[in-house]
Amino acid sequence: MRLATIENTLKTILTRSVDAIIFGFVEPLKDKRTLKLVAFLALFIVVMSLVLTAAVFMLFKPYADNPSSMAALTSNMSAAIGFLAYFFVMVIALAIIQSIIVNLIDVMAIFRALEMKSFIPKAQVGIMSALKLIVVNICVTLFAFFSVFNLKMLVILAVSALLLIAGIAVIVLFQANMGLVFVGMTLVLLGAIVFAAYMIVFYYNSLRLMFSPIIFVEKDLGVIDSCKASWTKTEGQVLGLFVATIVLSVLLTILMFAASILAQVYSAVATLINPGISDLALSVDPIYIVLSLPIYVFSAYAVIVGSFFITSLYASLSGKTHTGVVVEKNAPKRPFFSKKK
């Protein structure tokens, strides 16, 4: 009886995983609206990459070409701080813009995937939804790390922190005593081991909260309510979600490696021909940029695949395995950017 139960469980996990992977990889390519999202996101990623590459090149090239300028910059503390501040502000600004656009596309992809799984999403798609999704994703990470819905596991994190703090304090305060330094190093090592064990808890919590963005789009709930609903939804389903996400990660890693082969080969050949070439110079090489395009395109496609994949798992746990858009009776086709009346 127990063996039959295990077999049925494994069969269910395998079926859900295969269905989610097929839905994630295949359905976006069959749907024109989703293909437009992939194309737009790919173009956006290419543009942002080129802008960042050009900005970094123009910023660092004068110092790379003139070692004395770099020496002068590093010797002037205020100038070095100003230079680094400008660089990080520029990078952070571009990262914020990219995060908003990627999350906007993610909302649209989840919205469309839910429609294709016979849901009728309630969230209104727009910039505000993208900003809310960013908050949802940040909260998912924080809630998972601090075990907000699994507070008893915080003991492990607390023990890790205490061991690390105690170990560092002993090393710093008793540097002259090698015996105590050894004790301090042992405490630090134990703290690191306990923290590594807590990362398993963090991953478990992350799996329990993985449906939060889907629930946010489907039910238009608040951030905390979306996370609570995801935690409830995934009770007893962690093993299946773990297997499915691992398989997806392996597939995406293999495909991303395949997409980057041309750029890697060209980089290796260019370095072999010209050993003195810098990464900065290579980054603005037109041939290298062209050969890197498959990476950007696949990165955009991977975002959509991930959204469709998780939505498929959510639909499966919700008892909706049929793929087909449900249209409300007597309701017109809703555009992505509909406005609340």
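I looked up Arg112 and Asp31 first: both are buried (under 20% relative accessible area, with exposed over 50% and partly exposed in between; 1.4 Å probe, protein chains only). The model is predicted, with pLDDT of at least 70 needed for local features and 80 or more for side-chain atom pairs, while totals for chains, interfaces and linings use all residues. Residues are numbered from 1 along each chain as its sequence is written, and side-chain values use heavy atoms, leaving out hydrogens and water.

Entry on salt bridges. I found four in the structure (a side-chain nitrogen of Lys or Arg within 4 Å of a carboxyl oxygen of Asp or Glu). Arginine 112 pairs with aspartate 31, the closest N and O atoms being 2.9 Å apart. This pair links distant parts of the chain, 81 residues apart: arginine 112 is in helix H4 and aspartate 31 in the loop between H1 and H2. I take helices as DSSP runs (H or I, at least four residues), numbered from the N terminus. Arginine 112 has a relative accessible area of 10%.

I then checked glutamate 115, which forms a salt bridge with arginine 33 at 3.5 Å between the closest N and O atoms. Here H4 is linked to H2, across 82 residues. Glutamate 115 and arginine 33 are both buried. A polar contact of 2.9 Å also joins the side chains of arginine 112 and glutamate 115 (N or O atoms within 3.5 Å, one able to donate a hydrogen and the other to accept it; residues adjacent in sequence count only if both atoms are side-chain atoms). I noted that Asp31, Arg33, Arg112 and Glu115 are linked in a network of salt bridges.

Lysine 30 forms a salt bridge with glutamate 27 at 3.4 Å between the closest N and O atoms. Both lie in helix H1, three residues apart. Lysine 30 is exposed at 59%, whereas glutamate 27 is buried at 14%.

Entry on the core. The largest nonpolar core has 67 residues, of which Phe211, Val217 and Leu313 touch the most other members (buried Ala, Val, Leu, Ile, Met, Phe, Trp, Tyr and Cys joined through side-chain atoms within 4.5 Å). H4 supplies the largest share, 15 residues. I listed contacts of phenylalanine 211 (heavy atoms within 4.5 Å); beyond four places in sequence, they include Leu241, Ile310 and Leu313.

Entry on valine 284. I found valine 284 in the loop between H11 and H12, partly exposed at 27%. Its C-alpha is 7.4 Å from that of alanine 54, 230 residues away in sequence. Valine 284 touches Thr53, Phe57 and Ile289, not counting residues up to four places away in sequence.

Terms used
Helices (H or I, at least four residues) and strands (E, at least two) are DSSP runs, numbered from the N terminus.
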